[in-house]
Amino acid sequence: MASTPARGPRTRGTRVHVISDVHGNARDLARAGEGADALICLGDLVLFLDYADHSRGIFPDLFGAENADRIVELRTARRFEEARALGRRLWAGIGADRDAAIEQAVRRQYAEMFAAFPTPTYATYGNVDMPPLWREYAGPGTTVLDGERVEIGGRVFGFVGGGLRTPMRTPYEIDDEEYAAKIEAVGEVDVLCTHIPPEVPELVYDTVARRFERGSRALLAAIKRTRPRYSLFGHVHQPLARRMRIGATECVNVGHFAGTGRPWALEW
């Protein structure tokens, strides 16, 4: 397999475009599959809070940009208890309607995101996604996979969605053991597709948020053991390293779609 930036029409072989961390960028999502045989999406369709532009997302829509500025400031300083206290005060103003308000906002985003997916699309969940809702919005051309495999152009792709437990308490965080079981279920593949990266410092540190995100040790162990051609992931938006080799495996962060609008391409 050869990897290239996604540009221009395909001329031969099989071409797959890979994206992650869409975070509300429906405009570019509608063009993400152009020139490719398939689109792969590694999750985080929802935009809850944009750390680059605090005026965008569900949080500022509900509580205003000033409160978004403040909660980003607290989280970036790792003052998570203060951030949660602020969140509790804000949500208390909404009262019993909190869950309904969030779900309504997420549904609006999902309706737009899933309508923009080309056929075929293969997708897995990000840590800020709400898996129960995907069944309602994924059309016949979108295959949702989590702990599962699929063949594309004669190559086997494995998918593992979600994130691990963090102080952020995002919607789809699971225990390390459950995550490891999904990695094990995928087994040996040509391309291992996950939302979060393997637990390697250069791959998990976000240079803008100024913190280490959670990567998976089980994923790192599987890469070393099964030696896939590629490990593709997102989650960390501004990593120290966007790609590095672990043994025989090329590890690539494709989690820049919200900011750049450009997919990453595999050709073989």
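Is Pro201 buried, exposed or partly exposed? Pro201 counts as partly exposed, because its relative accessibility is 47% and that class runs between 20% and 50%. Keep in mind as you look around that this is a predicted model.

- Six strands form an open sheet with mixed pairing, in the order β6-β7-β10-β13-β15-β14.
- At its edges you will find β6 (148-152) and β14 (243-246), each of which pairs on one side only.
- From one strand to the next, the twist averages 20°.
- Strands β6 and β7 (residues 155-160) run antiparallel and are joined by five bridges.
- To see where these two strands meet, look at Ile152, whose bridge partner in β7 is Arg155.
- Helix α7 (residues 176-186) packs on the sheet, where it touches β6, β7 and β10 (191-194). The direction of α7 makes about 170° with that of β7.

**The nonpolar cores**
- The largest nonpolar core has 55 residues, and Val22, Leu29, Leu45 and Tyr110 are those with the most contacts inside it.
- Helix α5 (residues 98-116) gives the most to this core, contributing seven residues.
- Another core, of 19 residues, lies apart from the largest one, and its members include Tyr122, Leu145, Val150 and Val252.

**The α3 and α4 pair**
- Helix α3 (residues 65-76) packs with helix α4 (residues 80-92) at an angle of about 155°, and their axes are 8 Å apart.
- The two helices are therefore roughly antiparallel to each other, since angles over 145 degrees count as such.
- The crossing of α3 past α4 is left-handed.
- On the α3 side, the contact is made by Asn67, Arg70, Ile71, Leu74 and Arg75. From α4 come Phe80, Glu82, Ala83, Leu86, Gly87 and Leu90.

**Back to Pro201**
- Pro201 is found in helix α8 (residues 201-204).
- Leu86, one of the α4 residues in the contact with α3, is 115 residues from Pro201 in sequence. In space, the two are 30 Å apart, C-alpha to C-alpha.

Key: Residues numbered from 1 in each chain as written. Predicted model: local features only at pLDDT ≥ 70, side-chain atom pairs only at ≥ 80, totals over all residues. Heavy atoms only, no water. Pairing = 2+ DSSP bridges. Helix = DSSP H or I, 4+ residues; strand = E, 2+ residues; numbered from the N terminus. Axes fitted to C-alpha atoms, helices over the stretch in contact; angles between N-to-C directions. Contact = heavy atoms within 4.5 Å. Core = buried A, V, L, I, M, F, W, Y, C linked by side-chain atoms within 4.5 Å. Buried < 20%, exposed > 50% of the residue type's maximum accessible area, 1.4 Å probe, protein only. Parallel < 35°, antiparallel > 145°, perpendicular 65-115°, else oblique. Left-handed = near helix turned anticlockwise from the far one by under 90°.
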